Amino acid sequence: MTDALKRLSEEGVAIWLDDLSRQRITSGNLAELIDQQHVVGVTTNPTIFQKAISEGHGYDQQLSDLAARKVTVEEAIRMITTADVRDAADILRPVYDATDGQDGRVSIEVDPRLAHNTHATVAEAKQLAWLVDRPNTLIKIPATRAGIPAITEVIGLGISVNVTLIFSLERYREVMDAYLAGLEKAKAKGLDLSQIRSVASFFVSRVDSEIDKRLDALGTDEAKALRGKAAIANARLAYQAYEEVFSSDRWNALEKAGARKQRPLWASTGVKDPAYKPTLYVDELVAPNTVNTMPEATLHAVEEKGEITGNTIAGTYEQARADLDAVERLGISYDEVVQLLEEEGVEKFEASWNDLLKSTEAELERLAPSEG
């Protein structure tokens, strides 16, 4: 057992793994991480699926069967990924039961090519919830302009959602508003609000990557002093917004009806700059009722080098605002950066999905039975 991970959990941070593959399930590795590393949830990732499908043989039998049935590559991907999510959900079911549905969650994303289509996103979310058919699933919907009304619609149907690709404070407020509006719809339908859960995935490291690049281009001492500060400041101000929204009269009325808070989830918490401590985005974002979804390398780094010293967000809002203001004063536009990151985020998800399509198609062709 690891003290740093244990302390993190005790501070109210749910540790989720940002990685799922069949090998992780069948080898017993996922069960081991749950048992020994305090992992209480998993988020899926098309890049990991693509790597697992193209490099290993764990999917050969299923792919061979799918090839024999001549299914489309899209259908094959859905059969493969939902099978993994179902199995992972079953492994995490005891955690789900023990935490009254708070954790033990597995996330699966809608096709990112639908990110700008509200109606198609809702239809896909319904289909995924039906296909996986596990109460501890979260459907990942990106926080694009078209994604916001889709979140309200899907929550209103009683489907739990992981809202992803949030970079800006303004968009995060829209996400929380969409969640409350969805709960109000669900309540009007007479649904049990206590069964509807959501997390809001606020991306961290990419903010520093983009802003640091611009600070480096300026090259002044003032610019250098601000490196590595924007992402943490941004996330801390997101937590401030969370505290405001989930203490409002509107929220209190829903909570009385059984609703549960939408937790902030810190995503993209592996550091991109080797100059930074590998546990930076874990150590500095400790607060109650949050989730930190980590790549495995970050999980082990926290286990070995994490410095968990209690709540590191409380009392930081003034400094966080000052840090973002200082970046803005240097001519780096916050609004421009977060808009760019959202657009790039969708493009990266689409590119990963297209790679997954290509790899799966190649495997279906390789394993297709000879005619006759």
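Helices (H or I, at least four residues) and strands (E, at least two) are DSSP runs here, numbered from the N terminus. The model on your screen is predicted, so local features need pLDDT of at least 70 and side-chain atom pairs count only at pLDDT 80 or more, while totals for chains, interfaces and linings use all residues. Residue numbers start from 1 along each chain as its sequence is written, and side-chain values use heavy atoms, leaving out hydrogens and water.

Eight of them close into a barrel in the order 1-2-3-4-5-6-7-8, with parallel pairing (two strands pair if DSSP finds at least two bridges between them). From one strand to the next, the twist averages 30°.

Next, pick strand 2 (residues 39–43) and strand 3 (residues 105–109), a parallel pair joined over three bridges. Click Gly 41: its bridge partner in strand 3 is Arg 105.

Helix 1 (residues 3–10) lies across strand 1 (13–17) and strand 8 (290–294), at about 125° to strand 1. Helix 7 (residues 118–132) lies across strand 3 and strand 4 (137–142), at about 160° to strand 4. Axes are lines fitted to C-alpha atoms, for helices over the stretch in contact (heavy atoms within 4.5 Å), and angles run from 0 to 180 degrees between N-to-C directions.

Finally, show Tyr 172 and Leu 183. Of the 94 residues in the largest nonpolar core, these two touch the most other members. Such a core is a set of buried Ala, Val, Leu, Ile, Met, Phe, Trp, Tyr and Cys residues joined through side-chain atoms within 4.5 Å, buried meaning under 20% relative accessible area (1.4 Å probe, protein chains only). Helix 12 (residues 230–245) gives this core its largest share, eleven residues.

Key:
Buried means under 20% relative accessible area, exposed over 50%, partly exposed in between (1.4 Å probe, protein chains only).
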